[in-house]
Amino acid sequence: MRFVFVVLIAALCSGCVTGESVQFQAQRDQQSIIRDGQAALVSTKQNSIVIARPAARQFQVGGRPVFVLGIYNRSKQPQNFLVSGVQVTQVVNGDVARLEVITYEKLVQEEKTRQVFAAVATGLAAGANSYNASRAGYYNSNSTVYTPSGTYQVSTTGYSPTAAYIAQSNASAQNAEMISATIETGQRNLAVLERSVIKDNTLMPGEWYGGQLHIAPLVSTDGSKVYTISVLVGAERHEIQVAQGAAR
């Protein structure tokens with residue numbers, strides 16, 4: 001009963017944890033808009049346009065902010081967008097702290113590291129499964145024997161090849177399923193990163209390009225967190241000012 005009470009309290013408390021929402025502070029040559037119910041910002045310069053919006057309706061407190069950037073080359077010449085040209089700074093107690101932009105390459109490396117740990121965990125689970133199955137054929141049975149001189153308890157041990165075969169077949173199928181699921185999850189995660197994360201790109205005249213921009217967790221402060229995302233397109237720099245705080 002106490003365990004059930006603790007679980008219920010934990011479930012209720014998890015619902016009390018709120019995320020953080022984002023508001024953009026439009027500057028000159030910028031316009032705050034709404035995209036699919038979310039705040040967004042359009043920054044327009046002579047040769048380029050940058051549109052930014054949060055990738056989720058709320059960011060996890062202490063987690064990585066993720067934004068979706070759309071970049072348009074409105075000039076008549078190719079323009080380069082480089083992830084190294086993106087800078088994120090946060091104002092903390094009057095000082096400026098620089099936040100890391102998590103590149104596609106680093107995200108891939110993190111996913112591969114996660115896959116290694118997942119493979120080890122799966123291997124341990126499969127090994128335990130196989131060991132238990134190998135012992136399934138052995139059995140112990142106790143019986144009572146009545147004789148003129150008294151009653152005796154007799155313990156009998158044996159081995160059932162049929163039971164062992166069934167257990168080992170089930171374990172092999174379960175292990176194969178676990179291993180397959182682990183591999184498929186890793187491949188799917190890498191495919192999502194390849195498809196969604198923004199990378200270096202040359203924009204041809206009239207071309208749109210975009211993707212997710214992952215940022216290191218913000219420095220914890222009281223109240224709203226204020227930071228600036230600077231996006232360099234060609235020779236033009238777009239300054240996107242963001243205020244992130246408790247979701248309303």
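The model is predicted; local features need pLDDT of at least 70, side-chain atom pairs count only at pLDDT 80 or more, and totals for chains, interfaces and linings use all residues. Residues are numbered from 1 along each chain as its sequence is written, and side-chain values use heavy atoms, with hydrogens and water left out.

The chain holds three helices and 15 strands. These elements are DSSP runs numbered from the N terminus, with helices (H or I) of at least four residues and strands (E) of at least two. Of the 248 residues, 31% are buried. Buried means under 20% relative accessible area, exposed means over 50%, and partly exposed lies in between (1.4 Å probe, protein chains only). The chain exposes about 15,400 Å². Carbon and sulfur atoms supply 55% of that area. Accessible areas come from the Shrake-Rupley method with a 1.4 Å probe, and for residues only the protein chains shown count as cover. Among contacts with a separation of 6 or more, 62% join residues 24 or more positions apart. A contact means heavy atoms within 4.5 Å.

A pocket is an open set of points with protein on both sides within 12 Å along at least five of seven lines, whereas a cavity is a set where a 1.4 Å probe fits but cannot get out. Lining residues have an atom within 4 Å of a point. Grid points are joined across faces, edges and corners, and a volume is the space filled by probe spheres set on the points.

The largest pocket contains about 200 Å³ of space. Its lining comprises 14 residues. Ser21, Val22, Gln23, Arg57 and Gln58 lie nearest the centre. Strands S1 (20-25) and S3 (38-44) each supply at least two lining residues. S1 gives the most, with four. By class, the pocket lining has six nonpolar, five polar and three charged residues. Here Ala, Val, Leu, Ile, Met, Phe, Trp, Tyr, Cys and Pro count as nonpolar, Asp, Glu, Lys and Arg as charged, and the others, Gly among them, as polar.

One cavity of 30 Å³ or more was found in the whole structure. The largest cavity holds about 40 Å³. Its lining consists of Val83, Val101, Ile102, Thr103, Tyr104, Val197, Ile198, Gln212, Leu213 and His214. The largest share, three residues, comes from S13. Seven residues of the cavity lining are nonpolar, three are polar and none is charged.

Arg64 sits in the loop between strands S4 (48-54) and S5 (66-73). Arg64 counts as partly exposed because its relative accessibility is 33%. Beyond neighbours within four places in sequence, Arg64 contacts Ile102, Leu107, Glu110, Ile215, Ala216 and Pro217. The side chains of Arg64 and Glu110 make a polar contact at 2.7 Å. A polar contact is a pair of N or O atoms within 3.5 Å; within protein, one must be able to donate a hydrogen and the other to accept it, and residues adjacent in sequence count only if both atoms are side-chain atoms.

Ser48 belongs to strand S4. Ser48 counts as buried because its relative accessibility is 0%. Its side chain makes a polar contact with the side chain of His238 (2.8 Å). Leaving aside neighbours within four places in sequence, the contacts of Ser48 include Ser43, Tyr72, Arg74, Gln79, Val233 and Glu236.
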